[in-house]
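This briefing sets out what can be read from the coordinates displayed below. Please keep the display at hand while reading.

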Amino acid sequence: MVPTSAYLILAAVLFSIGVAAFLIKRNLITIFMSIELMLNAVNLTFVAFAHMWPQVSGQIFVFFVMVVAAAEAAVGLAIIIAIFRTRETLNVDSIDLMKS
Amino acid sequence: MPSDYLWLIPLVPFAGFLINGTIGRRFPRALVSAVALLCTAIPAILVAWLWITMKAPGAPEILQIVSQPWIQITGLTINFAFTVDHLTLIMLGVVTGVGFLIHIYSVGYMAHEEGYWRFFAYLNLFMFFMLVLVLADSFLLLFVGWEGVGLASYLLVGFYFQKDSAANAGKKAFLFNRVGDFGFLLAMFLIVREFGSLDFSHVFNAISVNPEWHGGVLTAIALLLVLGATGKSAQIPLYVWLPDAMEGPTPVSALIHAATMVTAGIYMVARCHTLFDRSPYALAVVAIIGAATAILAASIGMVQHDIKRVLAYSTVSQLGYMFLACGVGAYTAGIFHLLTHAFFKALLFLSAGSVIHALSGEQDMRKMGGLRKRIPITFWTMTMGVFAISGIPPWAGFFSKDEILYQAFAAGSLGKFVWLIGLVTAGMTSFYMFRLWFKTFFGPEHFDEQVDLHDHGAAVHAHSGGHAVMVADPEEDHAPHHAHGVHESPAIMTLPLAILALLSVIGGWVGVPAAMFGHNEIEHFLEPVFSTGATEAVTASANQGLVLGLAAASLLVVALGFYIAYVFYYKKPRSAAALAAKAPALYRLVENKFYIDQIYTAVIVTPLLMFTRLILGGLIDGGIISGSGVAAGATASGLGALVRKVQSGNIRSYAGWLALGAAAVLVVMVFGRAIWPH
């Protein structure tokens with residue numbers, strides 16, 4: 001039997017990869033994907049803990065997260081397309097309109 | 001009873017001030033004068049009524065009205081209270097009588113001036129405060145009037161405020177009075193501490209029933225009061241504001257700076273005679289200040305060229321006489337001289353104003369001369385004044401001045417000393433007054449007829465500054481004369497002159513001593529006020545020979561003064577300049593008023609300004625107060641600049657901070673537990 005800690009370590013590694021990619025990558029789509037990766041790392045911990053304590057609520061949380069992630073992906077992709085149409089780039093360094 | 005209407009005496013002029021001061025600007029000049037004259041005539045009539053009532057046999061010696069408490073704190077109650085005794089009555093008579101005459105004169109003198117309404121509003125305000133001052137029944141109410149006349153004086157000295165010199169003279173007068181007021185305030189604090197009250201009757205009764213009280217704190221109070229009096233009455237060391245106050249219109253000089261306000265200090269000392277009698281030391285100080293001021297001012301007055309400044313120094317000198325009289329305990333003589341001085345000095349100032357008016361604003365006596373035939377009425381009234389102040393019998397000044405000199409002579413060794421100074425001053429007075437008389441009215445004409453052919457009718461006398469708007473005056477009956485240059489003043493100005501001239505002749509007859517076959521009525525009149533004093537006046541044992549001998553001595557000195565003036569300024573007009581050239585250093589010293597203004601500037605004003613500018617302005621204000629503000633602002637904006645760098649607008653940097661924070665929380669959660677176990 002695989003111990004829970006192994007799942008947790010895998011989840012931590014995935015989350016760290018997601019964070020690192022989010023911070024390092026320039027392409028908006030890659031950044032988007034790294035967010036998905038972080039979300040799924042969290043999902044993995046939920047499932048692992050649900051298995052460790054025989055309880056179903058952790059698994060239900062995962063469904064919620066998936067639904068929210070799907071909705072977010074739809075909106076996010078639409079925004080990315082809109083940005084690309086107006087600015088013809090997906091490099092985040094050139095999309096810094098927030099600073100005045 | 002007139003006491004029911006006592007409160008009207010000051011309040012009517014105040015009403016006049018309110019009317020003219022608020023809506024007088026829109027009034028025609030005739031209406032402004034009518035309001036101002038009416039509001040001075042009513043108190044004068046009331047005072048006359050009061051006088052008749054109180055002169056009647058069996059009349060009370062003191063009238064009093066008391067209001068509801070004004071200030072009430074634990075252990076100290078002060079009422080609005082007016083009191084009238086015989087001393088107050090004399091002051092009331094002077095203030096309302098001379099004041100009314102000067103108001104009449106002003107109607108003519110100020111006829112062409114801008115700000116006519118303002119002038120009369122201030123003049124009525126002055127009357128209000130002066131009447132409060134003399135009617136007051138407590139130190140505090142007296143102080144209200146005291147400060148108020150200072151304010152009115154400031155406003156009127158600076159009447160031509162467009163002119164720097166006038167504005168500065170007003171400020172100077174105010175500031176010098178402030179020094180004196182400081183002394184007065186401290187004296188009041190001491191009185192409250194010692195007596196628990198500021199009422200005259202309470203304080204003086206407490207002193208009277210305790211004959212063993214001498215010196216000590218009484219001396220301290222008396223000396224502080226003297227400081228107050230030196231400020232208001234222009235004595236050494238605070239006299240220098242009065243000559244500068246001549247920047248004001250001439251009627252103001254006559255009313256405030258000769259007849260009434262400047263005598264407030266003498267009135268106050270006389271009012272507090274119970275206190276002063278218990279402090280021989282303070283009295284000696286008063287006598288010495290008076291004598292020193294009398295001779296110093298007289299010596300400066302001998303070489304001045306501005307006609308008003310001669311009179312100003314003469315006023316300072318005569319006030320010194322009054323101080324001297326109070327200092328030797330001869331309060332009656334002091335008040336008597338105050339009375340006659342009010343007549344003849346007001347007359348001299350108004351006559352000088354008439355001369356200035358005739359010459360369209362010329363005040364320099366070197367540019368006068370030979371005016372005797374040109375302005376005969378003014379000449380004759382001025383002559384009355386000159387004779388009165390010089391002390392020629394039977395003019396008013398002779399009796400009052402001789403009374404002071406006699407009382408001084410009879411008052412011990414210090415008295416003999418101040419008598420000698422007083423005698424010398426009498427000679428100097430005679431000299432400078434006849435010098436003025438000869439230079440103005442006799443000899444060749446030095447004035448320029450052309451001067452007044454242009455720009456007359458506009459405000460020109462008493463250098464009225466840069467406003468030259470001619471205002472049509474419906475009652476300008478003397479306008480045609482203006483074209484003729486030097487001209488006599490209109491009747492509205494010469495009438496008060498004539499009345500004052502008459503008073504200057506006969507005013508002294510109320511105090512003819514018994515030795516000269518008179519009754520000395522003023523002495524008996526004031527007896528109820530001053531008889532409580534410890535220093536009994538010496539007239540009871542008046543030595544007829546001594547009185548006449550001293551009178552002869554002073555007459556001799558006066559005649560000598562006249563003769564020197566006659567030789568120098570009439571017979572051989574060049575000889576005065578020749579004499580001055582022989583002792584140029586001395587002459588320059590006196591002509592520059594002993595450099596006292598310069599000494600004050602160097603010793604007090606300059607260090608004070610340096611201290612203010614460098615320490616207060618530079619270090620405290622610029623450095624600490626303003627600096628701390630700047631430092632606080634700089635700190636905030638510096639911190640802000642630092643923190644602003646975090647808000648880059650770059651999403652990834654935000655995410656980085658977020659991740660860093662999350663990592664930090666994680667580290668604390670994991671390893672913190674190991675370091676700080678529960």
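A:Glu88 lies in the segment after α3 (57–87) of chain A, where helices (H or I, at least four residues) and strands (E, at least two) are DSSP runs, numbered from the N terminus. The model is predicted: local features need pLDDT of at least 70, side-chain atom pairs count only at pLDDT 80 or more, and totals for chains, interfaces and linings use all residues. Residues are numbered from 1 along each chain as its sequence is written, while chains are lettered from A and ligands numbered from 1 in the order in which they are written.

**Backbone features**

- Most residues other than glycine have a negative phi, and most peptide bonds are trans.
- A:Glu88, a residue other than glycine, has a positive phi near 55°.
- With 7 C-beta neighbours inside 10 Å, A:Glu88 counts as exposed; a residue is buried if 20 or more other C-beta atoms lie within 10 Å of its own, exposed if 12 or fewer, and partly exposed in between, with C-beta atoms placed from the backbone.
- B:Phe594, also not a glycine, has a positive phi of about 60° and sits in the loop between α24 (584–591) and α25 (596–644) of chain B.
- B:Phe594 has 13 other C-beta atoms within 10 Å and is therefore partly exposed.
- The peptide bond joining B:Ile236 and B:Pro237 is cis, with omega about 5°, and B:Pro237 belongs to the loop between α8 (217–232) and α9 (241–244) of chain B.
- B:Pro393 and B:Pro394 are likewise joined by a cis peptide bond, with omega about 0°; B:Pro394 is in the loop between α16 (376–390) and α17 (396–409) of chain B.

**Chain A**

- Chain A has three helices and zero strands, in the pattern α-α-α along the sequence.
- Its C-alpha trace spans about 50 × 25 × 25 Å along the principal axes.
- The radius of gyration of chain A is 17 Å, whereas a compact globule of 100 residues would have one near 13 Å; the radius is taken over C-alpha atoms, and the globule rule is 2.2 Å times the number of residues to the power 0.38.
- Of the 100 residues of chain A, 8% count as buried.

**Chain B**

- Chain B contains 26 helices and two strands, and its C-alpha trace spans about 120 × 70 × 55 Å along the principal axes.
- Of its 678 residues, 50% count as buried.
- Helix α11 (residues 264–271) of chain B is largely enclosed by the rest of the structure, because eight of its eight residues are buried; among them are B:Ile266, B:Tyr267 and B:Arg271.

**Packing of α14 and α18 in chain B**

- Helix α14 (residues 307–327) and helix α18 (residues 412–441) of chain B pack at an angle of about 160°, with their axes 11 Å apart; axes are lines fitted to C-alpha atoms, for helices over the stretch in contact, and angles run from 0 to 180 degrees between N-to-C directions.
- That angle makes α14(B) roughly antiparallel to α18(B), since angles under 35 degrees count as roughly parallel, over 145 as roughly antiparallel, 65 to 115 as roughly perpendicular and the rest as oblique.
- Residues making the contact include B:Ser314 and B:Tyr321 of α14(B) and B:Gly422 and B:Tyr432 of α18(B), two residues being in contact if their C-beta atoms, placed from the backbone, lie within 7 Å.

**Contact between the chains**

- Seven residues from chain A and eight residues from chain B form the contact.
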